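Please look over the structure below, and then work through the briefing that follows it, topic by topic.

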Amino acid sequence: MVRPGREGTTGQAVNDKDKRKLFDEVFLPHLVQAYRLARWLTGNAADAEDVVQEASLRAFRGIAGFGGINARAWALTVVRNTAYTWLLKNRSAAVVFTEDLDNAEQQRLERPAAEGEGTPESLLLARADAEEVQGAIAALPAPFREVIVLRELHELNYRDIAEITNAPIGTVMSRLSRARAMLIAALRNMS
Amino acid sequence: MSESSLDHDDGLLQAYVDGELDPASAAAFEQRLAADSGLRARYESLLSLRRLLHAVPRDEVPVDRLRSRIDAAVERKTGDRRSWRAIAAAVLVGAVLGAAATAAFVRPNSGQETSSLVVTNHIRGLLAPQPFDIASSDRHEIKPWFTSRLPESPQIVDLGGDGFSLLGGRVDVLGEQPVATVVYRHGGHTISLTTLRGPRAVSGGSIAGYNIRTWREGEFTYVAVADLPDADLERFKQAFLAGLSR
């Protein structure tokens, strides 16, 4: 006798088991990087944990959509997208998504080093300490912060960054260039 | 400034620094770098920036806790309907049995055992209607409450200004000894701070998804437990130490 209801349930369970296995192989190995990215995007440790948990669920549900290449980029894409949805929902006041710099920021960028006339920029920069550097990264608007974090801290190449941030490579390059200019300006003026 | 204002040299410079140029273009660019001191100065500040970025300390990642949170979340999705309470109860039973066995056969002197007992007390507090026996945000109320119950009352520091609000206190049992535990709250998380007399070896790390941080100050050993990231517990410790000397 055929019992379709039963069969449906079994099919679901088997499916879940396969999904779980795939999830363990694809997503979990990148947990540390997932957390670090979430930490930079949200700005604090407790939020980062919530985002990673939420992202894991999304990854688990969407594991069938994983194309089989570059698990790390896939995992970080899920984390990145989850982080922004999460931030919009829970911290909408705290996050700046715009790429348009206001006038003050623009002037700061273009202002020549006041104190450091004649001193090479690379030497001025060397005086910044880790806390200042962290602060300067955190102060970047989100589109610039994410590319610099993915490039310098996760050491991803342009193609992966373009995939994760859903932007053309040219845009990634110009954002990286701007992000670096902003960081240099911020850290130079600090020292 | 629009996004398209990336000039040609800057594009080459970024790509060179990031190792994204093909070998022939990289060689050509290196020749230009050697000849052009302005370009070289820009190159060097990018390298300085990179050194700074790479020197940023990496946060400790609470891998074990993340794993257990993810396991629990995914299990809920896959129709395994064990509730969180059931899991917590199982953990508690396990921990209590473990503690009982420990108390019966071994003196609770190793750091691992002490921290596992402190975590057991913390979990029991969380499962009780309230994690404390006296509810008060006033340290002048909590202190005498302890004095009347224990040979020695703990240091109670008001950390409300640092984001850790005082909830109250309770007496825990560690081995056969009653000990004072002060309870704080931080962003929806409960922190149990147990004070032990004298220098005691207590392991830090994490047990059953709870982070443990321990330190010595004066004649006491302090053990803080919470389901908070390590960094937050470290902040708690620092605030506590700063509060002591206020």
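In which loop of chain B does Glu152(B) lie? Glu152(B) is found in the loop between α7 (139-147) and β2 (165-174) of chain B, where helices (H or I, at least four residues) and strands (E, at least two) are DSSP runs numbered from the N terminus. The model is a predicted one, in which local features need pLDDT of at least 70 and side-chain atom pairs count only at pLDDT 80 or more, while totals for chains, interfaces and linings use all residues. Residues are numbered from 1 along each chain as its sequence is written, and chains are lettered from A and ligands numbered from 1 in the order in which they are written.

**Chain B and its loop residue**

- Chain B has eight helices and seven strands, and 31% of its 246 residues are buried (a residue is buried if 20 or more other C-beta atoms, placed from the backbone, lie within 10 Å of its own, exposed if 12 or fewer, and partly exposed in between).
- Glu152(B) is exposed, because 12 other C-beta atoms lie within 10 Å.
- The C-alpha atoms of Glu152(B) and Ala180(B) are separated by 8.7 Å, although the two residues are 28 residues apart along the chain.
- Among the contacts in chain B with a separation of 6 or more, 54% come from residues 24 or more positions apart, a contact being a pair of residues whose C-beta atoms, placed from the backbone, lie within 7 Å.

**Helix α6 of chain B**

- Helix α6 (residues 111-127) of chain B has 17 residues and should span 24 Å at 1.5 Å a residue, which agrees with the 25 Å between its end C-alpha atoms; the expected span is 1.5 Å times one less than the number of residues.
- The buried residues of α6(B) include Leu117(B), Val118(B), Val119(B) and Ile123(B).

**Helix packing within chain A**

- Helix α2 (residues 31-42) and helix α3 (residues 45-61) of chain A pack at an angle of about 125 degrees, with their axes 8 Å apart; axes are lines fitted to C-alpha atoms, for helices over the stretch in contact, and angles run from 0 to 180 degrees between N-to-C directions.
- α2(A) and α3(A) are therefore oblique to each other, since angles under 35 degrees count as roughly parallel, over 145 as roughly antiparallel, 65 to 115 as roughly perpendicular and the rest as oblique.
- The residues of the contact of α2(A) with α3(A) are eight nonpolar, one polar and two charged (Ala, Val, Leu, Ile, Met, Phe, Trp, Tyr, Cys and Pro count as nonpolar, Asp, Glu, Lys and Arg as charged, and the others, Gly among them, as polar).
- The axes of α2(A) and helix α4 (residues 71-90) of chain A come within 10 Å and cross at roughly 30 degrees, and α2(A) and α4(A) are therefore roughly parallel to each other.

**Where the chains meet**

- In chain B, 40 residues are in contact with 40 residues of chain A.
- On the side of chain B that touches chain A, α3(B) gives the most, with eleven residues, and by class this side has 20 nonpolar, nine polar and eleven charged residues.
- The axes of α3(A) and α4(B) come within 9 Å and cross at roughly 40 degrees, which makes α3(A) oblique to α4(B).
- The contact of α3(A) with α4(B) involves residues including Val52(A), Leu57(A) and Phe60(A) of α3(A) and Leu66(B), Ile70(B) and Val74(B) of α4(B).

Technical notes:
Contact = placed C-beta atoms within 7 Å.
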